[in-house]
Amino acid sequence: MTATLLTAETLSWVGRALPTYVHEVGRSDIAKFARSIGARATVHYDPDAARAAGYRDCVAPLGYYVAIRLSAPNLIDLGDLGTDGVATTGIPPSDATKVMAGTTRARFGRRIVAGDVITLDATITDITEKSGRSGPLILVDYRYRYRDSDGEIAVEEDYSRVLR
């Protein structure tokens, strides 16, 4: 590989913790998310149905954690966005001009329910360069942890972004 996007400064971000984000889970948030993905089970909308199923309140569909992750870096001032309109929080410096989503893998500790206060913390776990069809690209790997107010992990997610 002759061209490279990686620099020592880029690699210095391995192990870096990103800003922590706290998200209060509300019934209406769960209902809106459930409706948007076509989840019609009453446990997402009706607290009595959720309690009858063993939850303390309305339960979020499994994918709800993504809404938490996506809202965290996007609640910023417009002036803090990159030239492409994307939040640059957590993206290491490089000569890359495009940022895309990569892979994701989630492990679930427990379901997220209305009334939870979820703290999201993230760490950059690895940065590697690969050769793609259109040239070099960087894979930035993150570990996200979604913890409840007792510190119990509701979801742990490994996620990557592609920079090119």
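This is a predicted model: local features need pLDDT of at least 70, side-chain atom pairs count only at pLDDT 80 or more; totals for chains, interfaces and linings use all residues.
Modeller: A polar contact is a pair of N or O atoms within 3.5 Å; within protein, one must be able to donate a hydrogen and the other to accept it, and residues adjacent in sequence count only if both atoms are side-chain atoms. Residues are numbered from 1 along each chain as its sequence is written, and side-chain values use heavy atoms, without hydrogens and water.

Biologist: In which element of the protein chain is confidence highest?

Modeller: Average pLDDT for the protein chain is 91, and 95% of the residues score at least 70. Among the elements, which are DSSP runs numbered from the N terminus (helices H or I, at least four residues; strands E, at least two), the lowest mean is 84, in H4. Confidence is highest, at 98, in H3.

Biologist: In what order do the elements of the protein chain run from the N terminus on?

Modeller: The chain has 4 helices and 5 strands, and its C-alpha atoms fill a box of roughly 60 × 30 × 30 Å along the principal axes. From the N terminus on, the order is α-β-α-α-α-β-β-β-β.

Biologist: Which residue has its backbone oxygen 2.6 Å from a polar atom of the histidine 44 side chain?

Modeller: Cys58, Val59 and Ala60 are among the residues that histidine 44 touches. The backbone oxygen at 2.6 Å from a polar atom of its side chain belongs to valine 59.

Biologist: With which side chain does the side chain of aspartate 116 make a polar contact?

Modeller: Aspartate 116 is in the loop between strand E2 (99-108) and E3, and its relative accessible area of 3% means that it is buried. A polar atom of its side chain lies 2.9 Å from the backbone nitrogen of valine 113. Beyond four places in sequence, aspartate 116 is in contact with His23, Glu24, Val25, Arg56, Arg110 and Arg111. The side-chain polar contact, at 3.1 Å, is with arginine 110.

Biologist: How many residues has the largest nonpolar core?

Modeller: A nonpolar core is a set of buried Ala, Val, Leu, Ile, Met, Phe, Trp, Tyr and Cys residues joined through side-chain atoms within 4.5 Å. In the largest one, the residues with the most contacts inside it are Ile68, Ile112, Tyr142, Tyr144 and Tyr146, and the number of residues is 30.

Biologist: Which strands each supply at least two residues of this core?

Modeller: Among the helices, H2 and H4 (64-74) each supply at least two residues. The strands that do so are E3 (117-132), E4 (135-147) and E5 (153-163).

Biologist: How far apart are the C-alpha atoms of serine 28 and alanine 114?

Modeller: Serine 28 is in helix H2 (residues 27-37) and is partly exposed, with a relative accessible area of 45%. Alanine 114 is 86 residues away along the chain, yet the two C-alpha atoms are separated by 8.6 Å.

Methods:
Buried means under 20% relative accessible area, exposed over 50%, partly exposed in between (1.4 Å probe, protein chains only). Contact means heavy atoms within 4.5 Å. pLDDT is the predictor's confidence in each residue, from 0 to 100.
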